[in-house]
Amino acid sequence: QIFNQHNAEAPNLEQAFHRMAQMEPNLDHDVSWFLLPSYWAKMVVALISFLCFANSYDGDFVFDDSEAIINNKDLRAETPLGDLWYHDFWGSKLSSNTSHKSYRPLTVLTFRINYLFAGGFYPVGFHVINIILHCTISVLMVDVFSILLGGLQFSNKGRRLNLAPKSSLLAALLFAVHPVHTECVAGIVGRADLLCALFFLLSFLGYCKAFKENKEGHMFSVFWVLVSVVLGAIAMLCKEQGITILGLNAVFDALVINKINLLELIRKLLYKDKSWENAGLLRKGLLLRITLLLCGGAGILYIRWRIMGTGPPAFTEVDNPASFADSLFVRAINYNYYYSLNAWLLLCPWWLCFDWSMGCIPLIKSVSDWRIIALAALWFCLIGLICQALCSEDSHKRRILTLGLGFLIIPFLPASNLFFRVGFVVAERVIYLPSIGYCILFTYGFSLLSKQAKKKKTLAVAVLGILLINVMRCALRSSQWRSEEQLFRSALSVCPLNAKVHYNVGKNLADKGNQSAAIKYYREAVRLNPKYVHAMNNLGNILKERNELHEAEELLSLAVQIQPDFAAAWMNLGIVQNSLRRFEEAEQSYWTAIKHRKKYPDCYYNLGRLYADLNRHIDALNAWRNATVLKPEHSLAWNNMIILLDNTGNLAQAEAVGREALELIPNDHSLMFSLANVLGKSQKYKESEALFLKAIKANPNAASYHGNLAVLYHRWGNLDLAKKHYEVSLKLDPMAPGTKENYNLLRRKLEQLQKKGG
């Protein structure tokens, strides 16, 4: 539907539109930069944005990727698609107290599609999609910046005119190569920001299409306004920031379409000047469009609120310490310091870190702290820009500065702590969208310098140098995101006070088997944050494996004292107490762990081991059975049941359990081995032999497999085969218990048979 409120006809010739555009100040007139046709400009931007992040295509799953993708059951085919609409980004129910309330079902859906097409968790496909998304967004930026910097004009054929081709190319290149975007592109979880940005831009471009037949707002399409609202909703379903595009569309409408002078309008409203009605609010359909945007935004937020529930997300003090400060002054001053750090990352994206929490940025508690200077600098710049945006007599300058500040500030508001507490201190990913505003302000600043500079080419070379440095920084940072080891180690020099950085370096080393080095980093994490229970738990685990049981017990006891519902620490404490032969305390610790985590198969498994040590066989079997009910593929629990039943002479029951286990886990060679032993004792030699051979085929270097098969042949009377497998077993493990004795017995028997035969 097209609303036509005036009968003034549009000019018939396309040249007339160009003449009209040239009557306004043109940013490109002062910018000393490359002039390329639109198609080539987009090709250049796409190619350079690809080069920046191409080396991340074969990276691993790193950091948050594990929780959001590998451990997220919503990606698997067995999870109904409908569940995505009731789960958060990490796969937890939105109604759960532990949910972070990050509602991004469309992003999770793309992860699921990636998983299904790849046939598993292969990161290449995930990374390639992220790179393609960033390239697409960067190309769209050419169109977006041409509108924001040059204004919105259409030819008589309905083709949008690019009135700032040089400026829009420069701004798009600045966006494409900004190193702060690396987390969004090289980190797979950053796809939420990329998809949000894609639909954010499409919503803006769709809103602009509403004025395709426009002459100063006289005509507009309700259809395209509604399309922009729908695209804004889709952006929000990818990430929460997406909803802010509706506010930016309203700002754009007021400033560009209706050319409202905000300062003049405010004055008229304050002095109750009736002429404000002619200032653009009631004409050109602005109120109708604003109403549509407001109603659409309110409806989207209401639906989101109903799905999410009323409870706020639960964050801890280490996630965002300023938000837990008792003093309003301390909260306010630290929030503003965080804003200045975000601004600095846009200006100088050299010190980048995957995580800025846990002491990385100590709280400012006094005005004597030298970091107050950063706040003063930030607000000095912002107030200066706002004054120019409101008070300048140059309407072109007012428009560009207001749009630049709008795109810088409004998308950042959901991460600002102003409306609700967020779960981070600084996060590079949340300034993906605000960087649009930075690029506008940078380009406008460059145009002002170019206007004043005598050596324009020198200035252009300097900007080209900045772009080149950013490209190299992006490539370097992308390579750091390829593996957890490189990513975590890169953070040590940026945030040496961040306990989580040391914890992650330690965990990575422990996973690779370097326990000695891991201990060093875990100890440093605990030193930096004496309440870091996860570091205490992991350090306690390593010390337990190294038989340093008393220190392990101290750490784990402290961890559960700090966080009484920490189920994993309770279980590990029980294992240590069991090793110290304090069985009653161990049993109590296990049950406390199960109390805090009802479905805890590993804890039931360890509880079963405790009962087996105490000869409480029925209790042990029940505990292991609980473990297999909760986790049917729990091989260790099945094995222990078979072995315990075998050792207690319940061969029929052991056989039944073994067959049940192999039906569930048919390729587990340890289960084949255990069942083969039982069948051998039951004189089911043929079936036992088949299982032994199958187990050996799966794991040919297991000495015990060959040794026990040799025992089977020995009993069965196949002495030559028995001799062969005894010898293989001894070759693999010369110290194998009992094998040498059995082999010697067999040799003597063979010698006796040879003598009789002789």
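## Surface patch, ring pairs and salt bridges

Trp344, Leu347, Trp350, Trp351, Leu468, Ile469 and Met472 form a nonpolar surface patch with about 810 Å² of accessible area together. Two elements each give two or more residues to this patch: α13 (328-347) and α17 (456-480). The largest share, three residues, comes from α17. Trp350 sits in the loop between α13 and α14 (372-391). Trp350 is partly exposed, at 46% relative accessible area.

The model is predicted: local features need pLDDT of at least 70, side-chain atom pairs count only at pLDDT 80 or more, and totals for chains, interfaces and linings use all residues. Residues are numbered from 1 along each chain as its sequence is written, and side-chain values use heavy atoms, with hydrogens and water left out.

Patch residues have over 30% relative accessible area and no salt bridge; nonpolar side chains (Val, Leu, Ile, Met, Phe, Trp, Tyr) are joined within 5 Å, like charges within 9 Å. Areas follow the Shrake-Rupley method with a 1.4 Å probe, and for residues only the protein chains shown count as cover. Buried means under 20% relative accessible area, exposed over 50%, partly exposed in between (1.4 Å probe, protein chains only). Helices (H or I, at least four residues) and strands (E, at least two) are DSSP runs, numbered from the N terminus.

Now the rings. Phe, Tyr and Trp rings (for Trp, the six-membered ring) pair if their centres lie within 6.5 Å; planes under 30 degrees apart are stacked, over 60 edge-to-face, the rest tilted. The count is 27 aromatic pairs. Phe200 and Phe407 are edge-to-face because their ring centres are 6.4 Å apart and their planes stand at 80°. Phe200 lies in helix α8 (residues 191-209) and Phe407 in helix α15 (residues 395-409), 207 residues apart. Phe200 is buried at 0%; Phe407 is buried at 1%.

Next, the charges. A salt bridge puts a side-chain nitrogen of Lys or Arg within 4 Å of a carboxyl oxygen of Asp or Glu. The structure holds 27 salt bridges.

| Salt bridge | Closest N to O |
|---|---|
| Glu524 and Arg527 | 2.7 Å |
| Lys681 and Asp646 | 2.8 Å |

Lys681 in helix α29 (residues 669-681) and Asp646 in helix α27 (residues 635-647) tie together parts 35 residues apart in sequence. Asp646 is buried at 11%, whereas Lys681 is partly exposed at 41%. Glu655 and Arg659 both lie in helix α28 (residues 651-664), four residues apart. A network of salt bridges links Glu655, Arg659, Lys684 and Glu687.
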